[in-house]
Amino acid sequence: MVEDEEGFRYPQVDKDVCIDCHLCEKVCPIANAKADEKHRQRAFLLQHRNEKVLHESASGGAFTAIASYVIERDGVAFGAAYDKDFQVTHQYAENVDELWKFRNSKYVQSYVGKAYQEAKEFLKQGRMVCFSGTPCQLEGLLKYLRKPYDRLITVDVMCHSITSPKIFRMYVDMQKEKYGDDIENIMFRDKQPYGYKYSLMSVYRGGKQIYKEGVETDIYLRSFFCDVNVRPSCYDCKFKKQHHLTDFTIWDCFDVRKFSKKFDNDKGVTRILANTDKANQILSEMNQVARIMEIPVGEAVSGVKEMLYSVNMNPRREAFFKECAGDFLGG
């Protein structure tokens with residue numbers, strides 16, 4: 001995988017060692033994307049019962065609940081987390097205490113690296129594996145595995161679009177220049193000031209919040225929500241559909257009160273589509289961990305544009321990346 005000038009990674013074939021098996025083409029999720037194939041779904045609302053988990057999660061803590069279920073059965077959970085340099089990479093956890101690193105949204109394309117290979121190896125060992133990511137990443141995993149695994153639990157997180165790791169590196173460097181190299185966390189969805197309804201970029205050092213700006217003033221959030229810092233394929237996403245191949249599809253539920261008044265609206269609630277019997281069975285066993293309520297599927301997906309429609313290309317996109325190449329973020 002080679003990074004282009006915009007910071008997005010693409011596969012590059014070494015023609016000197018290629019044996020013309022065409023396997024890469026056969027398992028490519030984009031080249032083999034299928035139209036929305038309807039299957040039976042059920043919809044749920046979920047809010048984790050652990051206050052610490054709920055506070056640290058972007059929404060209702062659904063992934064932590066599902067991943068905990070898997071780990072407690074000697075399984076492994078994969079998700080997107082920061083490395084030591086604040087680059088977002090796919091990592092795995094074998095202990096529930098490690099799941100904190102996957103919590104909170106990260107508006108940047110994660111580097112999958114060897115996560116698919118690692119997940120396959122755990123499955124071959126007979127272990128349960130939970131794998132989360134964007135819809136395209138999950139279909140990539142399923143195509144890579146090439147056969148079903150009963151002990152694989154897949155969770156796709158509904159995706160607005162993905163942004164450039166290079167631009168995020170520039171943003172991190174800018175924050176370090178302002179606040180020092182010892183910053184310890186960067187949060188995209190910080191619930192601390194206003195609950196969970198707003199995207200708020202926060203920087204922490206020494207356990208204290210030293211920077212906070214919203215969509216209107218934080219330059220990285222602006223680039224994301226203006227659809228200017230977006231991978232080209234996201235403007236024609238092949239995975240904008242209701243019926244995914246995964247077990248779970250999860251996303252925010254900002255308007256939970258239109259479904260129920262039994263949830264604390266300010267602490268975050270996750271909407272879930274259970275796409276398989278496996279997902280339904282897992283949810284039926286999680287009532288001790290989370291508050292769960294079934295809702296009609298039609299109501300759950302009504303008005304959810306991110307599920308069905310790609311973002312529109314911002315006409316200033318080309319100018320944005322040209323200016324970034326000139327280090328305008330650091331100026």
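Cysteine 226 is partly exposed, at 38% relative accessibility. A disulfide needs two cysteine sulfur atoms within 2.5 Å. Cysteine 28 has a relative accessibility of 25%, so it counts as partly exposed. Across the whole structure, the search finds 0 disulfides. Keep in mind that this is a predicted model.

Salt bridges are another matter. The structure holds 18 of them. Take glutamate 139 and lysine 143. Their closest N and O atoms are 3.8 Å apart, and the cut-off for a salt bridge is 4 Å. Both residues sit in helix H5 (residues 135–145), 4 residues apart, which means about one helical turn separates them. An α-helix has 3.6 residues a turn, so residues three or four places apart point the same way. Glutamate 139 and lysine 143 are both buried.

Lysine 238 pairs with aspartate 236, with 3.1 Å from N to O. Lysine 238 is partly exposed, at 38% relative accessible area.

Arginine 271 bridges to aspartate 255, and their closest N and O atoms are 3.6 Å apart. This pair links distant parts of the chain, 16 residues apart: arginine 271 lies in strand E12 (residues 270–274), while aspartate 255 lies in the loop between strand E11 (248–252) and E12. The two ends differ in cover. Arginine 271 is buried at 7% relative accessibility, whereas aspartate 255 is partly exposed at 31%.

Now to the surface charge. A patch of negative charge gathers Asp173, Glu177, Asp181, Asp182 and Glu184. Aspartate 181 belongs to the loop between helix H6 (165–179) and strand E8 (185–187). Its relative accessible area is 65%, so aspartate 181 is exposed.

Helix H3 (residues 62–71) is largely enclosed by the rest of the structure, because 10 of its 10 residues are buried. Among them are Ala62, Phe63, Tyr69 and Ile71. Strand E3 (residues 42–48) contains leucine 46. Leucine 46 is buried too, with a relative accessible area of 0%. Lysine 15 is 31 residues from leucine 46 in sequence, and the two C-alpha atoms are 49 Å apart in space.

Glycine 126 makes a contrast in sequence and space. Aspartate 74 is 52 residues from glycine 126 along the chain, with 10.0 Å between their C-alpha atoms. Glycine 126 lies in the loop from helix H4 (115–124) to strand E6 (129–133). At 39% relative accessible area, glycine 126 is partly exposed.

Finally, look at the backbone of two loops. Histidine 22 is not a glycine, yet its phi is positive, about 65°. Histidine 22 lies between strand E2 (9–10) and helix H1 (23–26). With a relative accessible area of 41%, histidine 22 is partly exposed. Phenylalanine 86 also has a positive phi of about 65° without being a glycine. The loop between strand E4 (76–82) and strand E5 (88–93) holds phenylalanine 86. At 6% relative accessibility, phenylalanine 86 counts as buried.

Notes
Residues numbered from 1 in each chain as written. Predicted model: local features only at pLDDT ≥ 70, side-chain atom pairs only at ≥ 80, totals over all residues. Heavy atoms only, no water. Patch = residues over 30% accessible without salt bridge, like charges linked within 9 Å, V, L, I, M, F, W, Y side chains within 5 Å. Areas by Shrake-Rupley, 256 points an atom, 1.4 Å probe, with all protein chains shown as cover. Salt bridge = Lys/Arg side-chain N within 4 Å of Asp/Glu carboxyl O. Lys, Arg positive; Asp, Glu negative; His and termini not counted. Charge placed at Lys NZ, Arg CZ, Asp CG, Glu CD. Buried < 20%, exposed > 50% of the residue type's maximum accessible area, 1.4 Å probe, protein only.
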